[in-house]
Amino acid sequence: MILTSLAVYYDRLSQEPEPAVPLSGFSRQKIHFALHIDADGKLAEPPVFDLRQTEGKKTAPQELVVPEAVKRSVGVAANFLWDNTGYVLGADDKGKPERTAKTFEAFKARCHEIGDGLDDAGMAAVLSFLDAWNPADAPDLPGWEEMVKGCNLVFRLAGGGLGYVHERPAVRQAWLDHLAGASRERRGMCLVTGQDAPIARLHPSIKGVRDAQSSGAALVSYNQESFTSYGKEQSYNAPVGEPAVFAYTTALNHLLRKGSRQRVQIGDATTVFWTERASEVEGLLGFLFDPTADDGTEDAVRRFLEAVRDGKKPRDDPEELQSGFFILGLAPNAARLSVRFWHVDTVAGVCAAVGRHFADLAMDRAFDNEPEFPGLWQLLREIAAQGELKNVNPALAGALMRSILTDAPYPASLPRAVITRIRADQTVNYPRAAMLKAYLVRNRQKEVSVSLDPNCTDVGYRLGRLFAVLEKAQQEAIPGANTTIRDRYYGSASATPAAVFPQLMRLAQHHIEKAEYGGVSDRRIEEILETVQTFPKHLSLDEQGMFAIGYYHQRRENYKKTAKTKGED
Amino acid sequence: MSFGVRLKVWGDFACFTRPEMKSERVSYDVVTPSAARGILEAIYWKPGITWVIDRIHVLSPIRFTAIRRNELGGKIPYGNVRSAMKGGAPQPLFIEDDRQQRAALVLRDVAYGIEAHFELTGQDDNAAKHAEMFKRRARNGQCFNQPYLGCREFPAFFEWVDGPWPDSDLPAQDRDKDLGFMLHDIDFAHDMTPRFFRAQLAGGVIDVPRFDAAEVRT
């Protein structure tokens with residue numbers, strides 16, 4: 001189904017008015033000049049069009065979609081209806097007249113081979129031009145000095161209306177028929193399309209998967225003897241027709257291209273996603289994983305994410321919502337690509353899953369400049385050593401992505417990763433508290449509020465709040481202390497409360513006495529301890545999560561209050 | 001008189017490898033007819049019968065997981081095996097010398113109901129005998145070799161089903177689904193050509209066409 005979905009995606013892309021993907025049998029090539037010929041095959045006026053475009057000081061050739069290039073090494077092999085001057089005009093600056101004569105003959109022969117008997121004015125004009133052309137006349141062409149430096153030429157028919165000769169429908173069809181007939185591969189049923197087609201022996205390589213070979217790696221390959229069965233060789237082990245092979249590799253390479261908004265790196269898996277029908281969601285999802293600072297879509301993304309978080313449908317088009325959404329994660333393994341992740345859902349399903357993720361994650365932010373919808377990378381950075389992306393655990397990254405997209409429980413290792421980081425640097429910030437909350441809500445079915453919940457009687461939560469109040473009391477008594485109780489006691493207070501809280505309470509009494517408004521802290525401590533009978537000997541991982549959330553909520557509350565009183569003064 | 005069999009099979013893992021993703025294995029979504037045939041043959045088979053899979057019930061959600069394994073890269077050449085059999089030296093193959101790490105996307109916690117019947121290959125054989133033997137063996141949990149779910153390393157457990165099929169845990173939105181072209185079986189008589197059919201889940205059940213049906217194609 002992976003190959004089938006990719007092939008279908010290719011069909012969708014190739015049917016767009018200006019396809020971003022090359023058509024089968026065609027490729028994008030750098031073309032510099034176009035020869036202008038009339039219907040009789042004579043050069044028209046002007047004889048040559050310069051197709052190069054000037055950008056600043058540089059002139060760059062235009063990229064045109066032309067018949068696919070032949071594989072050429074030292075031998076002579078001509079392209080169809082486009083090539084360099086040596087082939088098209090039989091003249092170049094290489095100083096090997098015999099070879100140049102051969103290349104011109106090859107070009108002429110190839111055009112005759114495909115174009116003979118074709119009822120098309122453009123093709124006929126090219127053929128009669130080639131038959132009548134004398135290579136010795138080439139230097140008389142305008143701009144020859146530049147043209148001769150390995151430039152590529154195409155043909156354009158005077159008064160033909162439709163652009164270039166190779167773009168004329170009849171010519172295109174002749175080229176495709178020629179390709180199909182030229183394939184010497186054996187025929188059979190294609191397991192992607194179900195149609196009879198020549199079976200591809202080798203599949204083109206896929207480029208753009210991180211850490212794979214730069215020349216590309218194969219998704220379908222049989223590069224070890226033990227991979228083959230029933231005495232079949234190479235890709236005859238899996239009968240995939242040539243058109244399907246072209247379609248799926250082109251689509252995948254398109255998704256993996258540089259600058260693609262449909263590609264994200266998650267752990268060691270390069271992940272691409274696409275939809276069955278054109279959909280805006282396709283482009284927005286990349287944002288979810290890796291929000292970049294500014295690419296002009298921020299407003300659209302925000303509206304989209306707000307809608308899905310609140311459980312609304314981001315679009316009104318029911319057909320679009322029900323169309324398929326595909327996610328494919330690829331990781332390199334030797335010269336091959338392995339499928340790490342493959343998920344099929346509807347657009348609506350993915351939107352709902354993403355929405356639930358952000359609803360579970362929702363937490364009051366400490367600062368307004370913190371992202372309301374933190375991307376996957378922003379979350380992962382918070383649980384990596386030194387906050388560096390290279391220290392992100394790839395297994396956890398992949399598992400977290402999977403849970404977000406499939407609305408499955410979060411990975412069991414998530415809370416430990418967060419708590420380990422909190423203990424390492426004694427920082428409970430917004431993304432960390434949000435991740436702990438999301439885990440407790442989704443995996444443990446706990447009710448955890450978005451902001452401070454004074455009525456929550458969870459002992460971990462209460463102790464977290466208490467710790468924040470004690471810290472505040474110390475801060476008021478000894479402003480600017482080098483080492484606060486948080487630096488010294490956060491770890492043990494969250495894991496083994498009974499061992500440290502009695503001492504902290506004694507310490508707090510001194511702080512309260514010393515501070516100007518100590519009474520406030522005293523009242524708060526009383527209120528928090530109302531439901532706490534004893535300090536537990538130790539807290540479980542879930543309770544430590546609640547501790548961190550309680551601490552975060554209470555600290556935010558403390559901060560808010562002081563800001564207000566200052567404002568009133 | 002019909003001699004249909006109804007067997008529930010299940011296991012922790014399964015990998016019904018897609019032919020196009022054979023190197024870095026990716027499993028089909030559900031059991032293939034040839035893998036189901038293999039399970040039945042592991043329980044009971046004689047040259048006098050051929051198993052024909054009629055229907056496959058998908059009883060548990062389709063879930064994938066990724067694993068990595070070290071496997072062998074090469075094969076022992078056929079000639080070496082033959083010479084070893086003729087009394088030559090045994091042919092060792094050391095994994096340390098020819099190791100290939102392969103990733104696989106395999107199925108987790110699968111359960112299927114297999115509906116099948118057998119056909120006699122010879123003329124004068126007693127069909128009821130085979131039917132009873134299969135039934136007895138399946139009930140007792142007997143098998144010639146351990147049945148497996150696509151790969152030998154994923155054993156299958158099985159039980160004979162008398163009454164209705166147990167309720168399927170397959171989520172409602174997955175019960176009707178086009179699974180694409182799926183391997184039906186290999187045509188061993190004609191150069192071992194694979195034959196494919198369009199697998200459609202309808203109400204959580206796949207109707208498997210006969211091997212020689214028009215919709216099964218090479």
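Predicted model: local features only at pLDDT ≥ 70, side-chain atom pairs only at ≥ 80, totals over all residues.
Me: I'd like to start with helix pairs. What describes two packed helices?

Reply: Happy to start there! Two packed helices are described by the angle between their axes and the distance between the axes. Take helix 3 (residues 97-115) and helix 4 (residues 121-132) of chain A: their axes come within 10 Å and cross at roughly 150 degrees.

Me: Are helix 3 of chain A and helix 4 of chain A roughly parallel or roughly antiparallel to each other?

Reply: Angles over 145 degrees count as roughly antiparallel, and helix 3 of chain A and helix 4 of chain A are therefore roughly antiparallel to each other. The crossing of helix 3 of chain A past helix 4 of chain A is left-handed.

Me: Which residues in helix 3 of chain A meet helix 4 of chain A?

Reply: From helix 3 of chain A come Phe104(A), Phe107(A), Lys108(A), Cys111(A), His112(A) and Gly115(A), and they meet Met123(A), Leu127(A), Leu130(A) and Asp131(A) in helix 4 of chain A. By class, the residues of this contact divide into 6 nonpolar, 2 polar and 2 charged.

Me: Let me try another pair. At what angle do helix 14 of chain A and helix 15 of chain A pack?

Reply: Helix 14 (residues 414-425) of chain A and helix 15 (residues 430-444) of chain A pack at about 150 degrees, and their axes are 10 Å apart. That makes helix 14 of chain A roughly antiparallel to helix 15 of chain A. Helix 14 of chain A passes helix 15 of chain A in a left-handed crossing. On the helix 14 side of chain A, the contact uses Leu414(A), Pro415(A), Val418(A), Ile419(A), Arg421(A), Ile422(A) and Asp425(A), which meet Arg432(A), Met435(A), Leu436(A) and Tyr439(A) in helix 15 of chain A. Sorted by class, the contact of helix 14 of chain A with helix 15 of chain A has 8 nonpolar, no polar and 3 charged residues.

Me: And what is the handedness where helix 16 of chain A passes helix 17 of chain A, left-handed or right-handed?

Reply: Helix 16 of chain A passes helix 17 of chain A in a right-handed crossing. Helix 16 spans residues 459-477 of chain A and helix 17 spans residues 485-495 of chain A; the packing angle is about 165 degrees, with the axes 11 Å apart. These two helices of chain A are therefore roughly antiparallel to each other. Phe467(A), Leu470(A), Glu471(A) and Gln474(A) of helix 16 of chain A make the contact with Ile485(A), Arg486(A), Tyr489(A), Tyr490(A) and Ala493(A) of helix 17 of chain A. The class count for this contact is 6 nonpolar, 1 polar and 2 charged residues.

Me: Now single residues. Is Gln554(A) buried or exposed?

Reply: A relative accessible area under 20% counts as buried, and Gln554(A) is buried at 2%. Gln554(A) sits in helix 20 (residues 541-568) of chain A. Leaving aside neighbours within four places in sequence, Gln554(A) is in contact with Leu452(A), Arg465(A), Ala468(A), Val469(A), Arg524(A) and Ile528(A).

Me: Where does Val532(A) lie?

Reply: Val532(A) lies in the loop between helix 19 (518-529) and helix 20 of chain A. Val532(A) is buried too, with a relative accessible area of 13%. Not counting residues up to four places away in sequence, Val532(A) touches Val459(A), Arg462(A) and Leu463(A). From Val532(A) to Gln474(A) there are 58 residues in sequence and 22 Å in space, C-alpha to C-alpha.

Me: How many disulfides does a search of the whole structure find?

Reply: A disulfide is a covalent bond between the sulfur atoms of two cysteines. Searching the whole structure finds 0 disulfides over all chains. For Cys143(B), the nearest cysteine sulfur is that of Cys151(B), 18 Å away. Cys143(B) counts as partly exposed at 28% relative accessibility, whereas Cys190(A) is buried at 1%.

How values were computed. Residues numbered from 1 in each chain as written. Chains lettered and ligands numbered in written order. Heavy atoms only, no water. Axes fitted to C-alpha atoms, helices over the stretch in contact; angles between N-to-C directions. Helix = DSSP H or I, 4+ residues; strand = E, 2+ residues; numbered from the N terminus. Parallel < 35°, antiparallel > 145°, perpendicular 65-115°, else oblique. Left-handed = near helix turned anticlockwise from the far one by under 90°. Contact = heavy atoms within 4.5 Å. Nonpolar A, V, L, I, M, F, W, Y, C, P; charged D, E, K, R; others polar. Disulfide = S-S within 2.5 Å. Buried < 20%, exposed > 50% of the residue type's maximum accessible area, 1.4 Å probe, protein only.
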